[in-house]
Every structure is written in structure tokens, then in C-alpha cells.
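Reader: I'm new to this one. Can you walk me through the packing and the aromatic rings?

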Amino acid sequence: MKRALLLAVAGVLLAGCAGEPPRPVTSPGPPSAAGPSAPEETAAGTLLVTDFGSDSVSFVDPVTGDGDSVRVGTAPYGLAVGGDGRAWVATAEGVAVVDIRDRNRLALVPYRTQTGPPATGEYRGGGMGIALSPDGSRVHVGVNVPGDRGVLETIDTASLRVTRVAPVGRRPFDVDVAQDGSQVYVTNHDSFDVTVVPADGSPPRRIEVAPYGTEGGLASWLKPHYAAVRPGDGHLLLPFEGERLVVVDPHTGESTVEPMTADTHQHGVTVAPDGTLLVVGTGPIGAATGGPSLTVRAPDGRERLIPLEGPHENVVLSADGGTAFVTGGFTRDGHWDGITVVDLAAGTTRRLAAGQRPLDIAVL
């Protein structure tokens with residue numbers, strides 16, 4: 001999902017058999033005849049969110065909350081923004097391609113994997129986590145197959161065709177890409193693991209990530225949700241319950257566990273170029289007793305907790321790194337239609353009505 005989360009802050013895959021051609025454009029208005037537009041033509045700082053409670057993405061002014069919505073497909077989940085002026089949105093129907101300047105849907109690329117009729121809600125089939133390769137030539141989407149293991153589908157961004165399907169774990173909440181593009185990391189919520197999909201054609205590898213064990217299976221609350229790739233060493237950072245941060249070396253499969261302090265069920269993450277980690281706490285679910293919060297964790301492990309009002313799902317940083325935008329959508333009950341804007345220096349927050357159950361977010 002992220003991948004685009006640091007697009008404003010910091011700044012392949014394998015060929016296989018061709019997939020189905022993209023569906024015809026059904027966007028509200030014609031796409032630009034010149035093709036994808038330059039991203040600088042979109043107002044700097046505009047937020048793009050997936051409306052998980054609708055079939056759209058919303059462009060949001062971070063001050064007023066004003067903006068437009070564009071239909072993309074049923075129950076959009078994750079998004080990734082490329083440097084060519086296109087956004088890629090994982091929906092229950094396929095991956096939508098959006099022109100972020102003209103604010104049109106350019107295409108909908110169907111999945112090769114059968115996931116059942118398009119549906120809504122936390123357990124719906126279809127795309128979940130999504131990420132672009134560093135060179136923008138491939139987009140990788142984790143596809144949930146209800147009742148079965150998921151898959152990672154890879155789309156060529158020039159031809160809009162699926163070029164590879166790789167098996168992963170159950171409910172692929174998040175997808176990340178190594179900084180050099182050599183591996184794709186899929187965080188699988190319901191199978192307590194991360195699947196490493198190499199770009200050289202090697203078979204995928206499973207790394208179990210279960211600091212509390214796997215007892216309880218599908219009924220357990222103690223599962224991985226989202227990951228971040230740490231700058232520098234490329235290790236994966238996966239928070240659990242505001243108590244444990246699992247640091248995974250994706251090359252060896254070895255992991256270490258560091259203590260955390262929020263005592264809250266945790267979901268979305270992002271990491272700044274200096275290694276500062278931001279983690280969304282959703283509140284007292286399962287054994288966790290702490291309220292909703294945003295954890296700001298320095299590279300040396302020191303943490304600050306900023307309280308939030310109600311559950312939230314994901315987080316992105318502003319261009320200057322001074323503001324965090326946290327979506328109020330949440331995959332479970334208790335969501336709200338808005339974004340919390342966090343001044344990281346002051347530790348203050350304000351609520352911004354925006355979108356319809358906004359889940360993923362990027363700064364354009």
C-alpha cells in the first residue's frame with residue numbers, strides 16, 4: 001500500500017503469460033487524449049483516499065476537505081501513486097487506473113484470479129494491498145480469495161495486462177516492495193505470515209510472523225496487518241498490539257522483537273526517510289486496553305503517543321514531514337467519514353470530514 005505513502009516525503013517483475021485485456025473505460029468523462037498527465041499539474045498537497053464504503057476515490061483539500069470523487073470500482077482498498085500521473089487502486093472488481101490530473105478513471109484491469117461476485121465489507125474478495133515497483137513498470141496487488149489462500153498479481157503498467165500470478169497467504173492486507181525492486185513483500189493477515197516474492201523468478205518464500213503464536217487461528221486478534229520497509233537495511237517493521245514490533249530480515253527470514261508502549265490494536269504504518277515509524281492504533285480490541293492513538297517511534301525506539309478520537313486505519317506524511325494524515329475509515333465497525341490531521345511537533349489534532357469510509361491515503 002505505501003510505496004506511495006512516502007512519495008511526497010522522500011522525494012520487474014517477471015514476465016509470464018499475458019492476462020486478460022483491460023475493460024473499457026467507464027469513467028465520468030473521457031480520459032486525456034495525451035495519456036497520463038504530469039503529477040505536478042495536480043495541486044501540491046492534495047490528498048487521495050480510497051472510499052471503502054463507496055465505489056470511488058476522493059481528492060481532498062487537506063485544509064477544507066473539499067474535493068472531487070471518481071468512480072473506480074466496488075469497495076476500493078489500497079492505492080499506489082506513480083510518477084507518471086497515474087494512481088492504481090485495488091478494488092473488488094479489478095485494479096482501477098486513475099489520471100490524477102484530469103481525475104478520470106482510465107481503465108479497470110480485471111484480476112485473473114476468480115474471487116466471486118464483487119462485494120463489500122472487510123472479508124470481500126478482490127484487491128487489498130498494492131504497490132508499484134521502483135521504476136514504475138509493474139504494479140503488484142494482493143488479491144483476497146475468500147476461504148482460500150490469496151495471490152499476488154503483477155500488472156505491466158504499459159500494457160495493462162497481468163503478467164504473473166504468485167501464491168501468497170490468506171487475506172493479503174499489505175504489499176511492499178524492496179528498495180531495489182528485487183523482492184515484493186506481502187503481509188497476510190489470516191495466515192500469520194509474510195510472503196517474499198523474488199523478482200528473479202524464484203519461488204515465493206513464507207516467513208511466519210507470529211510473536212504471540214498462532215493459537216486461535218482465524219479467530220485470533222494477534223495477526224499482522226501492515227508492514228513498512230525500513231530505510232537503510234531494508235528490514236520489515238510489523239507492529240502488534242502496541243506491545244511488540246517485529247523486525248524481519250526478508251533475506252534470511254530471521255526476526256527480532258522490540259517492545260512498544262501504546263497497548264492498542266494496531267493497523268496502518270508508514271516510515272520516514274530517517275527511519276521514524278508512525279503506527280495507527282485502533283483502540284482496545286482483543287487483549288489490548290489502550291485507546292486509539294498514533295505512535296511516533298524514533299529510530300532509537302523512543303515513542304510518543306498522540307491520542308486519536310475513534311478507530312483509524314492508515315497514515316501518510318506531508319511533504320515536509322511535519323504533518324500526518326490518518327484515515328478514519330477502519331476495516332471494522334466504528335469507522336467515520338474523515339481524516340485526522342496531526343501536527344507532529346505540537347502533538348495536536350483536528351478532524352477533517354472527507355470521503356466515505358476512507359481507508360488508504362496518499363499525498364499528491
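Predicted model: local features only at pLDDT ≥ 70, side-chain atom pairs only at ≥ 80, totals over all residues.

Reader: Which residues have the most contacts inside the largest nonpolar core?

Author: W88, V95, V97, I130 and V141 do, in a core of 18 residues. Among the elements that give two or more residues to this core are strand 5 (86-90), strand 6 (94-99) and strand 8 (126-132).

Reader: And what does W88 touch?

Author: Not counting residues up to four places away in sequence, its contacts include V95, V97, I130 and L160. A second, separate core has 16 residues, including A75, A228, V247 and L277.

Reader: Switching to rings. How many aromatic pairs are there in the whole structure?

Author: A search finds four. One of them is F52 with Y77, edge-to-face, at 5.9 Å centre to centre and 85° between the planes. F52 lies in the loop between strand 1 (47-51) and strand 2 (56-60) and Y77 in the loop between strand 3 (69-71) and strand 4 (79-81), so the pair ties together parts 25 residues apart in sequence.

Reader: Are F52 and Y77 buried or exposed?

Author: Both are buried. Ring pairs also link F52 and Y77 with F173 and Y226 in a cluster.

Reader: What about Y212 and F240?

Author: That pair is tilted, with 6.5 Å between centres and 50° between the planes. Y212 is partly exposed, at 24% relative accessible area. F240 counts as buried because its relative accessibility is 1%, and buried means under 20%.

Reader: Which residue lies over the face of Y212?

Author: R244, at 4.0 Å from the ring centre. Elsewhere, the charged end of R351 sits over the ring of W336, 3.7 Å from its centre.

Terms used. Residues numbered from 1 in each chain as written. Heavy atoms only, no water. Core = buried A, V, L, I, M, F, W, Y, C linked by side-chain atoms within 4.5 Å. Buried < 20%, exposed > 50% of the residue type's maximum accessible area, 1.4 Å probe, protein only. Helix = DSSP H or I, 4+ residues; strand = E, 2+ residues; numbered from the N terminus. Contact = heavy atoms within 4.5 Å. Phe/Tyr/Trp six-rings, centres within 6.5 Å; stacked < 30°, edge-to-face > 60°. Lys NZ or Arg CZ within 6 Å of the ring centre and 35° of its normal.
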